[in-house]
Amino acid sequence: MKNADTSQFKKAVEEMKSFRRKKWSKRKKKDAWWGLLFVSPFIIGFLSFMFLPMLFSFYGSFTNYNITSQMDFIGLANFRQMFTQDQLFMTSLYNTAYYVAFNVPLTAVGSVFLAVLLNRRIFGIRAFRTIFYLPAVLSGVAVYVLWMQLLSPSSGLVNTALSWVGIDGPAWLFDPEWTKPALILMRLWSVGGAMLLYLATLQNVPKQLYESAEVDGAGFTRKFFHITLPLITPIIFYDIVTSTIGAFQIFQEAYVMTEGGTGGPSNSLLFYNLHMWNKAFVAFDMGYAMAMSMILFIIVLSLTFINLKLAPKWVNY
Amino acid sequence: MSTIAWKKHIKRGLILTSTPLILAACADDAESDPAGEDTPDTEENAGSENSGETVQLEFWSFWGSGPRRETIEAIIEDFNNENDNIEVEYVYQPWGDIWTKSLAAIAGGNAPDVIVQDINSVRQRAEAEQATNLQQFIEDDSFSENFYPQLWDTVIYEDEAYAVPFNTDTQVIFYNKDAFEEAGLDPESPPTTWAELEEDARALDIQSGDDWEQIGFYPRWNIGPDVWALNADEGVSWFDDEGNVTINTPEKVAALEWMLEQQDHYGRDTINQFEAEFGSGVADPFISGLVAMRGQNLNYYTNLRENAPEDLNYGVFRLPEYEEGSGHWTWGGGFVLEIPENTENPEASFEFLQYLTSTEVQERFGMNSFDIMANIEANENLTSHPDLEEQGQEMYQMAQESLETTVITPVPLTAPDYIPLVNAEIDAAFLGEKTAQEALDAAQESVENLVEQNQ
C-alpha cells in the first residue's frame, strides 16, 4: 500500500514537472485557466479566511497583541508563560485530553454498533434509521439546555431512569468528577452522523464474502470481526481522524453549560478553547490566545500525523 | 464576428462578472451578524458635522424587548425630535454577541458611535484604546457629582473619564412576610446581622422526613461567596484599593467557613438538587414559597411584580452586617455608556450620552424598568415619584440605602481573568476537598501568581 502511495506521488511530481516544462497548446492553456477560474472561489476563500489568518496568528503568537492598541514582538514569552506560570493552561489541556480520550473511541464504537444494528432488512428500518439520525441534525444551545434538564440530579430523566434499576445517579453537572462524563454521554446521543457513514459502507461490503463464510460455518461474531470490521476500517480511520480534530475543539457545550464560560465546578469543564477564549476576549490577551492556538495546532497536527503513520498497520484498503 | 463567437464571449463575460459578485456575496455573509441587523457604515457620515447637515449616530445596546427597549426607543425618539442636527439610530444586539461584536467592529474601524458596556471593564478598554477619552468633552467639573461616587470611580483611567455610568444594581435579600409570621417571627423586623439571619433561617426551615418543605435561607443562592466575603471584610473585595490581593484575610476565611456551615446544615445533595431545579427555571422558588428568604439583585422586584400572585406578601432588607457595626456591605454591577475609539462624531455622541444620563431621562428609564439609575438625583426623585406605586417607591428607598454600602468591583488590570482561579478553590471548599483556610490560601497564591504574570 505504501509503495502504491509513493509511486502515485512520483507520478504526480512528474506531471507537475512536465506541466512546467511543456510548451502548452493554446487549447490546454485555455482549459487550465477555466479550471483555475472554477476553483477560484475556494482558493480565494481559503487564502483570505484560512491561510492568511493562520499566518497572522502565527506571527501574533510572538507578540503581546491585544486587538486594538499594541502588537510588540515579545519572542517566546507567551509560550514560556503557558508552560511555567499559567495554572489553568494545564488544567484546560488535561480536561480536553480527557474528553478526547473517551469521546473519540466511544463515539466510534457507538456509531459502528448502531450502524450494524440498523443494517438489516426488517420492517420499519427506514423509520429507525431516521430516528437515530435525528439527534445529529439537532445541535447547539437548545440541545445543551435540554440535556441540562435531562441531567438534573433529582428530577432529571437520566437519574430517574437510573433509579428504576436501583442506581442512585450522580449530581452530573454539579459534581466535578462527573461533569466530563456527562458531556461525553451527551455527545454519544448524536452518533447518528457517523452512523450514516458506516451504514453506507456496510452496504458496500460484498454479499458473496458473507455467503462463502456462512458456507464455511462462520457465525455472526466471526463474520463481523473477520469480514465486516476489516472492510470498514478506512471509514473508521476517517472517522477517528476527523472526530479527534473535532473533539479538541470542544467549546460551545462548556460555554453554554457552565455559567457564561466560567469553567464549571472546580474548573472541570474549562476546556482548552474555553480558556483560550477567556484569554482573548476577557483578558484581551490575544497574543497569548494565538500562542495557545498554535500549540493546539501542533498537538492536533502531530496526532493526525501519528494516526496516518499507524494507519497501514490496521487499515485495509 | 460570428454569432457563435459572440455567444461565447457573452457567456465568458457573464461568468467573469458574476464570479466576483458571488465572492463578494460570500464575503458579506461571513461578516454580517447572525441577527441580521442592518449596520450602516459610519463613514457615510464623515465630515457632515460642520456642514450643518444631520449627524447620524448609531447606538448599540442589548435591550431587546420589554420595558427597557420600549423606553429607550421612546427616549431616542424624543432626543431626535429635540435635536435637528443629530439623528440617533437604535441598534439592538443580542446580549451574548454585543461586546465581542463591538470589539471586532472597533478593530475593524467601523464601530458604533455609542455603546452600552459592562461597568467592570471600563479601565481595561481604556488601556487597550478601545474607548474614547471623554475628559475633553466634560466642560463642567461638577458633572461627575451627578453620579454615585463608586460608579464614577469605575470609569476613571489615569485620572480621566472613559465612560459615563448609566445604571447599576445592588444585592439585597427578599423575604416572605407570611412565612415570617407563621414561624413566629416579626415580619417588620428582618435580620440585621449574620447571627440573626441564621437564627431566623433556622426558625423558617421546615423539614418533613428527608424532604425540605421550606428552606429558611441558603446564602450561596444568587449571592456569591465573593459578596459574603466582602461584606465580612468591611467592603474590601478580593483586591483592595491599591490593587493588593486580599483573598485570604481572616474575615474572608470566617465568611467562607460560615457559608460551608450553611451548606452542611442542608446537605450538599439537597443544595445540588434544588440548584438544578432552579436552573431549569421550572418555578421561581421564592414565589412558590420553597425558600423564605432569598438573596437577589434589587431589580428582582420586576420579576415579582410580573409573576408573583397578588397575595404574596414580601419585603426586602439590606445584606446583614457580619457583626454589629461592621456595615451592611454588599455588591453591585451595572452598565456604562461608551464612545468607541476612532468614531467620526464623538462630540455629537457625547451630547447624546449626556442626554441619556441627565436626571430627567434617567428618571424616565428607571420608572419603566425599575433599574437603579447611576444618576443620584433621578433615584432620589423616584423614591417619592407620584407615578410609582408605593412598593415601587420603597424599592428606590431601599436602593438609596443599600447603595451607600454597595461596592463595585471593576476587574483589576493586572489580573483581568482571575475569576476561574478563585472559583475553583471555593468550589473545592464546598466539595469538602479543602478547608476554607486552605482554599483561600491557594486562591491567594494563584491570583498573586497571575498578577505577577501580567506585570
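**Exercises on a predicted model**

In this predicted model, chain A is split into domain 1 (2-60) and domain 2 (79-314).

**Exercise 1.** Describe how domain 1 of chain A and domain 2 of chain A are placed and how they touch.

*Solution.* Step one: the C-alpha centres of the two domains of chain A are 34 Å apart. Step two: the contact involves 4 residues of domain 1 of chain A and 6 residues of domain 2 of chain A. Step three: on the domain 1 side, helix 2 of chain A has the largest share, 3 residues. Step four: that side consists of 1 nonpolar, 2 polar and 1 charged residues.

**Exercise 2.** Determine the relative direction of helix 11 (residues 220-248) and helix 14 (residues 286-314) of chain A, then characterise their contact.

*Solution.* Step one: the two axes come within 10 Å and cross at roughly 170°. Step two: angles over 145 degrees count as roughly antiparallel, so helix 11 of chain A is roughly antiparallel to helix 14 of chain A. Step three: the contact residues include Phe237(A), Ile240(A) and Phe248(A) from helix 11 of chain A, and Leu303(A), Asn307(A) and Trp314(A) from helix 14 of chain A. Step four: by class, this contact has 10 nonpolar, 4 polar and no charged residues.

Definitions and conventions
Residues numbered from 1 in each chain as written. Chains lettered and ligands numbered in written order. Predicted model: local features only at pLDDT ≥ 70, side-chain atom pairs only at ≥ 80, totals over all residues. Axes fitted to C-alpha atoms, helices over the stretch in contact; angles between N-to-C directions. Helix = DSSP H or I, 4+ residues; strand = E, 2+ residues; numbered from the N terminus. Parallel < 35°, antiparallel > 145°, perpendicular 65-115°, else oblique. Contact = placed C-beta atoms within 7 Å. Nonpolar A, V, L, I, M, F, W, Y, C, P; charged D, E, K, R; others polar. Domains from an automatic or database assignment.
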